[in-house]
Amino acid sequence: MSDSQVVSNQVVVHGAAEGAHHEHLPYQRHHFETYAQQSDATNFAMWLFLLTEIMFFGGLFTAYLIYRNWYYPAFVEASHQLQIFWGTANTAVLITSSFTMAMGVWSAEMKKKGALVLCLVITFILGIVFLGIKTIEYSEKIEKHHVPGFHYSMQSFLNPQSDPEVYKEYKDKPLPYDMARHTEIYFFLYFAMTGMHALHMIIGIAILGFMIFRARAGAYTTGHVTFVENFGLYWHFVDIIWIYLFPLLYLISRHQ
Amino acid sequence: MSAPHDKDFESIEQHEHEHHIVSPRIYLTIVCVLLIMTGLTVAASYVEMGIFNPIVALAIAAFKMILVVLFFMHVKYSTKLTKLTVGAGVFTFLILVGMTLSDYWTRAWGRW
Amino acid sequence: MSKEKGLLSWLLTGDHKRIAMLYLISITFFFFIGGALAGLIRLELLTPQSDLMATDTYNKVFSMHGIIMIFFFLVPSVPATIGNFVIPIMVGAKDLALPKVNLLSWYLYVAAGILGLYAMMTGGVDTGWTFTTPLSTHYLNTNVVTTGLAIFIAGFSSIFTGLNFIVTIHKMRCPGMTWFRLPLFVWSNYAASILMVLGTPVLAITLVLVVLERVAGIGVFDPAKGGDPLLFQHLFWFYSHPAVYIMILPGMGVISETVSTFSRKRVFGYTAVAFSSVAIAVFGFFVWAHHMFIMGISNYSMLVFSLLTMLVAVPSAIKIFNWAFTLYKGSITFETPMLYSFGFMGLFTIGGLTGVFLASSGTDIHLTETYFIVAHFHFVMVGGMLMAFLAGVHFWWPKMTGRMYPEKISQLAALITFIGFNFTFFPQFILGTLGMPRRYATYPPEFQVLNVFSTAGATILGVGYLLPILYLTWSLKYGEIAGDNPWQATGLEWQIQSPPLTENFPSIPIMDHEAYDYEWLEGQKEKVASVG
């Protein structure tokens with residue numbers, strides 16, 4: 001007799017236990033035994049995904065740290081081209097959006113649909129504001145020919161006085177030609193890191209849009225908060241990346 | 001294998017989300033601290049501290065990160081597994097950065 | 001498996017078993033393309049001159065061979081085919097934690113493969129699979145960007161598989177299935193999955209940087225423009241060294257299963273083997289710069305990485321010892337999976353030992369970039385991993401298809417493979433020590449005899465790999481019906497039907513015995529006999 005006989009004998013016995021536990025909530029997937037297992041598993045999966053993101057950005061941070069060490073004067077002067085005002089504003093915007101996102105998760109947990117939608121909408125708007133500020137900053141860089149590989153200009157560093165706005169604030173010394181060349185690496189890292197970050201913001205905002213739509217239909221206020229919760233983790237992570245980008249790119253040295 | 005009984009699923013239920021809900025007051029406190037620290041880090045960049053400038057900047061950033069991770073991301077109220085996972089990520093990141101940088105820093109030691 | 005018919009039911013499946021079969025078909029396809037490229041390499045190397053193809057073409061051939069074999073065959077081989085199929089069953093679950101992510105992983109793999117093939121057919125890439133800069137960023141005009149993107153996408157396929165496994169193993173074990181009751185196959189794949197999740201993203205960002213550098217023309221990795229080529233190598237090898245453990249660990253997991261089953265004895269030192277798997281994964285992250293000993297890293301780094309590399313050999317050795325002790329006083333039989341496992345143990349040991357020679361930075365300076373390296377990694381990857389993969393395919397073939405493969409011809413194929421392998425790659429150790437460099441279409445005439453030997457071996461090896469395709473396909477229709485447990489193996493997958501039900505188990509099992517518990521198995525047979 002084959003072993004499958006043993007297995008089939010269990011079907012009858014299990015039926016009793018099965019009924020006691022498998023009150024399948026509508027949003028529970030069938031390969032999970034309980035809803036708790038499902039939400040535990042998906043939460044853990046999201047954390048693992050964030051680990052991949054840590055390592056992904058890790059490569060960029062490594063490159064940054066090495067070149068900042070090698071070409072410090074170039075990095076200092078190049079960073080003066082970024083305006084503290086916009087950088088700080090963006091940091092405040094993102095931190096606030098993390099707050100509103102956390103409040104959104106709370107609203108979902110408390111089953112308050114209106115509050116949830118409001119929080120998601122504000123988070124969405126703050127995300128757009130962030131991208132708007134980044135657009136302003138990027139256009140400025142494009143205008144001043146500080147985009148690596150595309151008519152990059154070292155004028156502001158060979159001759160700081162040719163850039164009166166920045167010179168007024170920082171009175172930078174002219175860099176020797178070799179060092180001035182390395183400002184291009186700074187801007188490469190600036191665009192790569194903030195660009196990669198902005199890409200993650202765009203994806204986040206798109207998902208937020210989808211979530212607002214679903215939240216209004218009441219999808220997240222019936223006890224199934226996993227999606228909002230896990231998205232919140234992603235959003236906070238993107239905030240953390242910026243928390244590091246801000247001092248590393250903007251605040252290298254602003255003292256005279 | 002024996003037939004499953006109610007008590008065998010208990011262990012699954014024990015792991016059920018105690019689902020600690022973090023209060024808005026905590027969130028509010030944290031966001032205020034984060035904004036203050038942001039101002040602090042901007043101010044610190046205007047002060048000449050030599051080698052301590054990057055150290056202070058990274059320390060403040062790390063502190064902000066810890067607040068976001070513990071409270072906004074609920075890690076303070078999460079399982080040991082979650083905490084271990086975060087730790088593993090940070091550890092691997094530090095290995096990447098640390099061991100790579102150690103090569104660069106020790107090149108100056110020259111040939112022994 | 002699911003009873004649904006039709007192409008769409010396969011292409012939109014969430015069933016881990018079907019996804020495993022989809023992967024099996026796809027990776028076999030890429031294996032043969034990579035193999036054909038290997039054939040071209042060996043053909044060219046029959047003569048010292050570059051007479052079969054131009055040297056530039058030869059560069060493309062070995063680059064594509066490496067890229068396809070590593071990223072499109074070895075990395076997904078055991079995890080995505082065998083792992084996807086058996087891991088949920090081994091932990092006592094109905095499916096992986098994230099079935100849709102699993103399907104996405106396959107689609108990403110296919111998309112990456114198509115892109116890679118397109119890059120190959122429209123000019124190929126000749127940087128070597130290692131994309132060393134600034135050659136790849138500034139000095140070549142081949143399809144670096146397209147190939148880089150293909151590997152990027154394949155990387156995400158790998159990440160999603162690993163992520164899925166980790167979540168499943170942590171969160172979906174059935175009641176009674178403690179960590180130390182899991183089959184060692186699960187432990188090995190768990191360790192490999194950690195590497196996939198933590199290591200692959202670094203490769204991803206490295207490829208992005210290479211692409212950006214080619215597009216923007218600036219010098220992140222180009223010394224002429226202030227960049228550092230070693231930065232590329234640090235970032236690249238940070239993934240690519242753990243990658244070799246991603247490739248070998250699942251194979252080691254297979255060997256644990258086969259050695260136990262075909263000596264009818266529990267694996268000696270279960271805990272040591274389990275912890276060794278994790279140790280290999282953890283230590284594997286600390287040794288990458290041993291690929292850079294001659295590249296200009298600091299003396300301090302050479303010392304540290306050399307020492308750590310010697311350490312990482314220890315857990316692998318522990319596993320070999322434990323498998324050997326499993327065999328001791330076991331009741332050994334020589335079915336095909338066992339033949340491949342014996343091959344693995346011998347060839348991986350040789351390959352691993354030569355790795356220790358290379359870990360010593362002094363010896364490495366002489367042997368690096370020679371055929372010694374080529375022989376070393378082919379011994380561990382082909383003599384080791386590929387044999388383990390074949391062992392696994394044969395071992396679980398009855399479970400996956402419900403059919404037995406023909407034993408006699410498969411044993412013959414295993415033997416042919418073993419003989420062909422040794423003839424192909426052993427001469428390359430000698431060539432390497434004599435000084436023949438790798439990645440060259442031409443070589444000094446005194447090396448020709450050994451090269452001819454090697455090519456002859458490769459022909460035999462090719463036959464050895466072709467045979468399984470033929471008889472395994474044959475067995476799908478004409479093979480003997482397998483039954484639930486043709487090997488009388490322990491493990492949950494052998495207590496259910498072949499092929500399994502869609503949901504694997506009619507009801508979630510309770511695990512009440514240790515792994516590899518052959519007494520329990522005997523007890524089950526007696527129970528069934530007494531009931532019937």
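The model is predicted; local features need pLDDT of at least 70, side-chain atom pairs count only at pLDDT 80 or more, and totals for chains, interfaces and linings use all residues. Residues are numbered from 1 along each chain as its sequence is written, and chains are lettered from A and ligands numbered from 1 in the order in which they are written.

**Stop 1: chain B**

Select chain B. You will find four helices and zero strands, in the order α-α-α-α along the sequence. Helices (H or I, at least four residues) and strands (E, at least two) are DSSP runs, numbered from the N terminus. Of the 112 residues in chain B, 30% are buried. Buried means that 20 or more other C-beta atoms, placed from the backbone, lie within 10 Å of the residue's own.

Now colour by domain. Chain B carries domain 1 (22–73) and domain 2 (78–105); such bounds come from an automatic or database domain assignment. Their centres, taken over C-alpha atoms, are 20 Å apart.

**Stop 2: chain A against chain B**

Show both chains. Here 47 residues of chain A are in contact with 44 residues of chain B. Contact means C-beta atoms, placed from the backbone, within 7 Å. On the chain A side, α1 (4–21), α2 (35–70), α4 (84–109) and α10 (226–250) each supply at least two residues. Select α2(A): it gives the most, with 16 residues. By class, this side of chain A has 26 nonpolar, 16 polar and five charged residues. Ala, Val, Leu, Ile, Met, Phe, Trp, Tyr, Cys and Pro count as nonpolar, Asp, Glu, Lys and Arg as charged, and the others, Gly among them, as polar.

**Stop 3: chain B against chain C**

**Stop 4: the core**

Bring back all chains. Select Leu189(A) and Val91(C): they touch the most other members of the largest nonpolar core, which has 269 residues. A nonpolar core is a set of buried Ala, Val, Leu, Ile, Met, Phe, Trp, Tyr and Cys residues joined through C-beta atoms within 7 Å. Domain 1 (22–73) and domain 2 (78–105) of chain B each give this core at least three residues. Zoom in on Leu189(A). Leaving aside neighbours within four places in sequence, Leu189(A) is in contact with Leu60(A), Ala63(A), Tyr64(A) and Tyr67(A).

**Stop 5: α14 of chain C**

Finish on residues 407–434 of chain C, helix α14, with 28 residues. Its first and last C-alpha atoms are 41 Å apart, close to the expected 40 Å, where the expected span is 1.5 Å times one less than the number of residues. Next comes Gly435(C), with a positive phi near 110°.

Technical notes:
Buried ≥ 20, exposed ≤ 12 C-beta atoms within 10 Å, placed from the backbone. Contact = placed C-beta atoms within 7 Å.
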